[in-house]
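Good morning, and thank you for the time.

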Amino acid sequence: MTACTLAAIALLLCVGLGQAAAGELPARFQMTIESAERGEDGSVTVTTTGARYEIAPDGAVECYQQIPQERKVAHVTITGVALPLTRPRVSGDGYLCTVGLKSASHLEVTADSVLRVAPRAEAEVRVELTFEPEYFASEMQNLFAADYLGGCGAYQLPTRPGPALDRIQDQGGGRFHLEPGESLLVSIFPPREYDWEEHATEHIVHDFPPLLEPGLASRPLPTDEQLREWRSFGNVLVLHLEFWEGFCIPGIKPRDPERFEQVCRLARELGYRALIYTSPYFFRAEGGRGRDTSEPEQYLAEMDHLLSYPVDGLYWDGIYSDVEKAWRVARLARQRLGDRRLYVHCTRKPFHESRVICPFVDTYADYLLRGEGRNRRFIHADFVRFIVSGYNVSNAVGTLCYDACRIDRDIVEECLGANAKIPYWPGGQINRMGRKYFLLPDEHALFADEYFPRMLEVDGEQAYAPLERANRDLRARLRAERRAARDQHLRELEQYLAERKAAVGPTDNLAAFKRTTASNVSDLPGQGPHQLGWLPEYATDARPKTYWGADYAPQWLMVDLAGERLIGRIVVVNFADGERYYHYRVECSTDGETWRAVAEKTDKSPATWDGDEHIIEPTLARYVRVVMLHNSANIGLHVGELEVYQAQE
Ligand SMILES: [Ca+2]
């Protein structure tokens, strides 16, 4: 060690952190800020249980993961604002470390390994990944990148409905443009150790009572015999909503308080932990407007009431769609729960599709449930490994909701290989959509004879290692199959367009079969006429009912007429269901950079398959685009056809 480094170490300003503060958190969730130091060059290093951030005075931050092993996962660059690197201050019992002044641009690091960049002026933040992700997804202004060891996520707040982020193509990662008051969270994960003991010893049984009609159960609570019978396949009993009088209302009470107490007592005698249904998302606070509108504090007051029942934890059917609220309620609930269990179902929250998840929220749960209503195209091996399984992501124990994808041998292998679990579903509930929340006889046999005994053997890293190797091989094979299928689908698309073009023949529509691009494409697995998503090409194939689709306004679709033309008439066809309407603006350009608005739709008249005709002042243009601004039915934006016609002489 050189004298110089010794001097540097001597000059480090260490922030003292009492062990007592961290000790207030439940032992199994002991995430804390371990140290926060400033070097003589003005740089700051903050170390949490799960990560280390090295913050340089020029706004560069090196992000290191520490669990299960140390490695650098991201390089963050902040430009546009000066970040005065003050002495780091730790507050909130070791939860929060602040660098800079709250009144000015500043950074925060939290115990659950999140860096918050909070500029007070317009700023650009680049998040470059320094590892090769096995799974990368972006949804709205967020990204999530993971491999078998962990990874990194970035989230722009407040969440803006809008297109996927501006991706950094070459290195992988994203660029985020922050307005004053917005912030960016960079999450390094996993933020805590995986609890193998919990994984190996706690197995979930969902009681989905059969329904006589929607919402009305034949028996709101299980019988004593059922409790005894189900015990062979689990010891964490989830009691669903049917036993409550009312739905997610303040001060909720069981329909039959006496039977409820009996069930809780017998469950404990039999060695279960009993978890009861509740939901921050659905909770309707006093005077509240309904789902997703309560404040965490209002829900937490209800939670105190729920925990006055003799139960061992809570099952949350949904969390807030506001990331800050979801994070806060999870953190504060964890403190209240102590060693009682929290099981969180969050297929669609906080974001719409859950291709991007928030490990820093999930980590406060003991177990997670994901996949509800998703068919087999959606629940593929990548989804099971990185979204359903919490292993080396949030390190909560992940379980699969299989109402739509069902249980077969492939799913069993994918779950075992991903270290995700399959909960036991007796009961017999069929929901309004006809989806079955119980194991069919064949599935039951597979669960009982094959899955369950094999799952019990996975009790630690060593037992899981061969399964993980098999999972890597399986995913590599599926990836190759997907690539081959995609190539085939691209060939089919090419052939389709060629055939359409030949069938249509000469046309006055200048846009037909011209190069068409868009700001975004809805591309959920397997969707679209050629299973390639709702591509822009479908908006210029001279067939109204094939369409381009994207999510979250605004989005644009542009056709290149391959040369300047004098345009006099434009037709826009959207998706027509007789009720919905769209708002949009049509723009023209000669260079693809400077745009002139020539038409718009702002009224509420429903879309038709004939489309909207716009006669415009003769305009010289090579590029014509539709900027989609609104759909009255959902978040999707659709153009079935964009037709462009020459001005009449
Ligand atoms: Ca079309």
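This is a predicted model: local features need pLDDT of at least 70, side-chain atom pairs count only at pLDDT 80 or more; totals for chains, interfaces and linings use all residues.

I begin with Pro-68, which is placed in the loop between β5 (60–65) and β6 (71–79). Residues are numbered from 1 along each chain as its sequence is written, and side-chain values use heavy atoms, with hydrogens and water left out.

The bond from Ile-67 to Pro-68 is a cis peptide bond, with omega near -5 degrees. A cis bond also joins Leu-157 to Pro-158, with omega near -5 degrees; Pro-158 sits in the loop between β14 (151–157) and β15 (166–167).

Two phi values deserve attention as well. Most residues other than glycine have a negative phi, and most peptide bonds are trans. Asp-292, in the loop between β24 (273–278) and α6 (296–306), has a positive phi near 70 degrees. Asn-419, in the loop between α10 (409–418) and β29 (429–430), has a positive phi of about 60 degrees. Are these residues buried or exposed, or partly exposed? Asp-292 is partly exposed, with a relative accessible area of 22%, whereas Asn-419 is buried at 2%. Buried means under 20% relative accessible area, exposed over 50%, and partly exposed in between, using a 1.4 Å probe and protein chains only.

Ala-285 also lies in the loop between β24 and α6, and Ala-285 is buried, with a relative accessible area of 7%. Its C-alpha atom is separated by 36 Å from that of Gln-555, which is 270 residues away along the chain.

I turn to the overall arrangement. The domain assignment, whose bounds come from an automatic or database source, gives domain 1 (27–189), domain 2 (204–458) and domain 3 (506–646). Taken over C-alpha atoms, the centres of domain 1 and domain 3 are 38 Å apart.

The largest nonpolar core has 154 residues, and Val-127, Phe-144, Leu-314 and Trp-316 have the most contacts inside it. Helix α7 (residues 323–337) supplies the largest share of this core, eight residues. Domain 1 and domain 2 each contribute at least three residues to this core. Such a core is a set of buried Ala, Val, Leu, Ile, Met, Phe, Trp, Tyr and Cys residues joined through side-chain atoms within 4.5 Å.

Next, which residues coordinate the calcium ion? The donors are Tyr-538 (O), Asp-541 (OD), Arg-543 (O), Thr-546 (O), Thr-546 (OG1), Gly-640 (O) and Glu-641 (OE), at 2.2 to 2.6 Å. Donors are N, O and S atoms within 2.8 Å of the metal, or 3.2 Å for Na, K and Ca; water is not among the atoms, so sites may look incomplete. Along the chain, the donors follow the spacing Y-x2-D-x1-R-x2-T-x93-G-E. Tyr-538 and Thr-546 are both buried.

Finally, the second largest pocket has a volume of about 1300 Å³. Of its 39 lining residues, Leu-241, Tyr-277, Phe-282, Asp-317 and Glu-372 are the closest to its centre. A pocket is an open set of points on a 1 Å grid over the protein atoms alone, where a 1.4 Å probe fits, with protein on both sides within 12 Å along at least five of seven lines; lining residues have an atom within 4 Å of a point. The volume is the space filled by probe spheres set on the points, which are joined across faces, edges and corners. The lining divides into 18 nonpolar, 11 polar and 10 charged residues, where Ala, Val, Leu, Ile, Met, Phe, Trp, Tyr, Cys and Pro count as nonpolar, Asp, Glu, Lys and Arg as charged, and the others, Gly among them, as polar.

Technical notes
Helices (H or I, at least four residues) and strands (E, at least two) are DSSP runs, numbered from the N terminus.
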